[in-house]
Amino acid sequence: MFINLKDLKANIGSPIKLTLNSEPVFVEKEWQGRSFNVFNYRVLFNGVENELSATDALKRRLDELKVGDDFLLSWEEFTKDGQLRNYWKVEKDDTTGYQNLKQPVSNGVANGVNEFEQKLQESKTEQAVVKTNKEYVSPARNGMIFNNTIKLYIANDMAWTQDEFVSNYKRVESFLDSCENAQETKPFELPVEKPVQPKAEPSQTYSQDDLPF
């Protein structure tokens, strides 16, 4: 199971609630001849552990959290100097049901509407993430992995042991994961999300002053 960041990018400003469940693990990947770095986290989504692959820009936000922290993650946009820009917003969530009950009564209708709109947006993002994970573990996807493993098995004179077959199945699955997760780091992404590419031109990043907070 994994958190597909493309689902959040498709729902700008709509947060998803997660719990940080591990320290980051540095991973170097390659996609279409380009190498890039990601940091893999384990997070809890609806009580289930998922993998979250973060580029440098997102990792800088997650560095402000500690393992066990609940947080809201969303893809935001703003305009600076007439140019539309995007960034990852990570907000630690310290709210509880009891604390929510203690909100001021003034502007209660307006607050209620805003909360309803926020919950509606959260619901859309959560539904998108759940839908992606259902497709991710679909029989069609597993069949594709199995068929490609069989091709490798035949190419190697069908000489694998059972453990070797399982190991190569996982290797094919991992390669597919890398290809899918690499989509968010294609060169045409906005500068804030360009990955580190040692073999290519240095990626552009925004200074802290560029962000709207």
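Predicted model: local features only at pLDDT ≥ 70, side-chain atom pairs only at ≥ 80, totals over all residues.
Let me begin with lysine 59, whose charged end sits over the ring of phenylalanine 39, 5.0 Å from its centre; a charge counts as sitting over a ring if NZ of Lys or CZ of Arg is within 6 Å of the ring centre and within 35 degrees of the ring normal. Lysine 9 has its charged end over the ring of tryptophan 75, 4.9 Å from the centre.

Residues are numbered from 1 along each chain as its sequence is written, and side-chain values use heavy atoms, with hydrogens and water left out.

Now to the core. Buried here means under 20% relative accessible area, with a 1.4 Å probe and protein chains only. Leucine 62 touches Tyr41, Leu52, Ala54, Phe71 and Val90, leaving aside residues up to four places away in sequence, where contact means heavy atoms within 4.5 Å.

Finally, the rings: the whole structure holds 7 aromatic pairs, a pair being rings of Phe, Tyr or Trp (its six-membered ring) with centres within 6.5 Å, called stacked under 30 degrees between planes, edge-to-face over 60 and tilted otherwise. One of them joins phenylalanine 78 and tyrosine 87, edge-to-face at 5.6 Å centre to centre and 65° between the planes, and both residues are buried.

How values were computed. Buried < 20%, exposed > 50% of the residue type's maximum accessible area, 1.4 Å probe, protein only.
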